[in-house]
Amino acid sequence: MSVRPDVTTPTTAEDHRDGFVPFPADLAASYRRAGYWTGRPLGELLREAARAQPDRPALLGDGDTALSYAELDAAADRTAYGFLAMGLRPGDRVVVQLPNVPNFMRILFGLLRAGIIPVLTLPAHRRAEIEHLTRLSGAVAYLIADRLGDFDYRALATEVTAAVPTLRHVLVLGDPGHFTDLNSVSAEGDSLPEVDASDIALMLVSGGTTGLPKLIARTHDDYTYNATASAVVCELGPDDVYLATLPAAHNFPLACPGILGTVATGGTVAFLADPSPESAFAAIERHRVTVTAVVPPLAQLWCAATEWEEADLSSLRLLQVGGARLAEVNAREVAPALGTTLQQVFGMAEGLLNYTRLDDSDDIICTTQGRPLSPDDELRIVDADGTDVPEGEEGELLTRGPYTLRGYYRAPEHNSRSFTPDGYYRSGDLVRRLPSGHLIVSGRIKDVINRGGENISCDELEEHLLAHPAVRHAAAVGIPDAALGEKVCAILVVDGDMPSLVEIKRFLAERGLATYKLPDILRRADTLPITAVGKIDKKALRAEA
Ligand code: OOB
């Protein structure tokens, strides 16, 4: 499948800013004055740490190998010179699709230091997404691993190369076949290009719930702030060991505070290829991991697995959970099961990040999705007409601020819908705000079932379903119905016997749920489909239903 971007795609390095929506000059100046934007390119974070503590471990490899900051710094430079020696130019876009391997760091910093723009796709993306993102970005190179599980990325690269004329290089980690070995990208040099911190550093892929993914161009200034301010909230320091559990190209493990926040504070990064409890717990024990980030289904699985996996998790001081709503029952399990502080993170590749703080009360940590990272994050909560709702009531979250995009890359039509005229991003998320500023996410504006004219929030129903002792995962979707418009279908993954519809309805009614919100249909599933980063895939479920 190929989908054309809604503007003509320029293909030269110099044109990388065509279709980029910059921050307005007056706001940019105010973000600089406030000290959020420091003019430091992302590549400098590693440089500064290497100067300050050359011999400390930066990166833990497979087995017992480790790279010091000085070694990683030098490897990133050689990689940057290697890309330039191949003919890549600053401003060129390069689609990166790599698994969680230590090499990710050298390659990412190599690209950043050369001023080449990584387009960070996830290992689970396939031809539809990769071809679309390659075309949209006008990428000249595609960086892959040879294979992951049964999937051969070289075959995908062959297809994408044939379809997208701008693509000139395919570089492979592992067996390159007829492409080029990514490990051979290395050269010496004595001056790297000057990188302007207000320019695009990298592109993230939107986690959008509709249509093909969009590109989010993040600047060095805004993303450095994203990572460093997040590191402050999480109290990261040189003794921390951050485990990249989620796919490293996702905003959460990359910069919230993730890999980049760890480098900025001189800590150590380790990569986890397989997030199953067995492999994750072994990695936490072996590397003495202190912080990691997961999505709610994984948090649930890890909590359950402490019953059967023997491991010493005592080093883990902070488990960040985000990406989708963490039900309160599951949130309450984390500290007792894993012996760590829970942090809820409500974030988006588009920018805005909300964190529960380490010293928030247990109730705040377990029942809210955090409060904004920056004092200059501006939030509005509005009704369907765009009018601000009274304080404490539910509405759609709109936001702008020092690290929130002002427009998707090369998507003018989309931007006219996704942003207000004064630059607020319409998140599509339904939230309420507590007097403390903490947000409670109650769903997506589109994730509602309209049953006979009554709107039912799928999130709300799912939260109640999850409180049933037999229910491990739950999803609610609307099923077309001639009489009601839509009927409520609940899909459950259960431990042991499947409860009957009558039993579930009684359980929900006892919890005080309105009658019209009770499921009409109950289905059992062995697993629920998941997205590229591991969230429950409502889009796929709705399509199936
Ligand atoms: C993170 O980023 P994306 O871009 O994959 O997805 C963003 C969307 C949000 O708009 C919201 O709908 C949902 O994912 N979401 C949550 C949530 N965190 C994200 N919904 C409920 N509760 C939460 N805690 O998912 C992301 C980026 C950075 C940090 C953390 C997550």
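Colleague: Is R542 buried, partly exposed or exposed?

Modeller: Start with the cut-offs: buried means under 20% relative accessible area, exposed over 50%, and partly exposed in between (1.4 Å probe, protein chains only). R542 has 32% relative accessibility, so it counts as partly exposed. Keep in mind that this is a predicted model, where local features need pLDDT of at least 70, side-chain atom pairs count only at pLDDT 80 or more, and totals for chains, interfaces and linings use all residues. Residues are numbered from 1 along each chain as its sequence is written, and side-chain values use heavy atoms, leaving out hydrogens and water.

Colleague: Okay, and which residue forms a salt bridge with R542?

Modeller: A salt bridge is a side-chain nitrogen of Lys or Arg within 4 Å of a carboxyl oxygen of Asp or Glu. For R542 the partner is D447, with the closest N and O atoms 3.0 Å apart. R542 sits in helix α17 (residues 538–544) and D447 in the loop between β22 (439–444) and β23 (448–451), so the pair ties together parts 95 residues apart in sequence. Helices (H or I, at least four residues) and strands (E, at least two) are DSSP runs, numbered from the N terminus. D447 is buried, at 7% relative accessible area.

Colleague: Where do R127 and E131 lie?

Modeller: Both are in helix α5 (residues 127–137), four residues apart, about one turn of the helix. R127 is partly exposed at 32%, while E131 is buried at 2%.
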